[in-house]
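Please go through this model with me.

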Amino acid sequence: MPAGFEQVAARSGWEQVTAARTGERPDGVAVLCALLPDGVDLVGPDPLVGARSGALHGGAGMRAVVAAVGARRGSAPGPAGYRLLVRAAQLAGKLGVGLVTLVDTPGAAGDAPAEAAGIAAAIGDAMAAVLACPCPTVSVVLGEGGSGGALAATVTDMVAMTADSYFTALSPEGTATTLRIPVEQAADRAGLRPTDLYRLGFADRLLPATGADQVAQAATGLLAELAWQDPVQRRRRRQQRWSTELRDSL
């Protein structure tokens, strides 16, 4: 187990969810600004998703496009936010620079306006764009990671999770409702802690850092690590990891 995660391993699933929702940690905006302090913003109508392009702070000249899905804590992005993620991934590919996604959302917006505006299709398009990005890609789960709304930004070459984060296919509340069990029990059974997901192979790295600058530095280092890998092999590994269609054809 990586150093600094002993406390996480001792938490219950529900305690981990509570830590992600209420703990003291930076949000997506703070880490986005720490990564690209002098970057150029990509403008979009959804304030819950931010994106920026520029030179990485402390990255020795490396450049990247960074997208924060769930820029504010507890936020549920709508279709416009996921379309901005598509733009970010495509821009990274056109510029030939890395893509970093910052994930902190319990899930995408599920209200009637979001459904009418095509939230499901927008999530699918975003997932496809991130998966197809030809450049090195890194995702950092800062706090909450819920359902397809979070997964769309996480189908990357490398996934990192912070100590106060979790990731699950369905929110504890949704699982509790479906299985008709207490929400605490649903979270405990989900295997959603970073240590669980690291053991299962979903998370590649666990980041004990808590400050925005520390998380930004770690993300920059991961992107630099990927930049040294053979691009053909890197993309093939990504497709094999995340694409069911390709796995079925092998």
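Seven strands form an open sheet of mixed pairing, in the order β1-β2-β3-β4-β5-β6-β7. Strands are DSSP runs (E, at least two residues; helices are H or I, at least four), numbered from the N terminus, and two strands pair if DSSP finds at least two bridges between them. The model is predicted: local features need pLDDT of at least 70 and side-chain atom pairs 80 or more, while totals for chains, interfaces and linings use all residues. Residues are numbered from 1 along each chain as its sequence is written, and side-chain values use heavy atoms, without hydrogens and water.

Q: Which residue is the bridge partner of V69 in β4?
A: Strand β3 (residues 63–69) and strand β4 (residues 98–105) pair in the parallel sense over six bridges. The partner of V69 in β4 is V103.

Q: How many residues apart in sequence are the parts that the pair of F167 and F202 ties together?
A: Rings of Phe, Tyr and Trp (its six-membered ring) pair if their centres lie within 6.5 Å; planes under 30 degrees apart are stacked, over 60 edge-to-face, the rest tilted. The F167 and F202 centres are 4.7 Å apart with planes at 40°, so this pair is tilted. F167 lies in the loop between β6 (158–162) and α8 (172–179), and F202 in the loop between α10 (194–200) and β7, so the parts are apart in sequence by 35 residues.

Q: What does the chain average in pLDDT?
A: pLDDT is the predictor's confidence in each residue, from 0 to 100. Of the residues, 96% score at least 70, and the chain average is 91.
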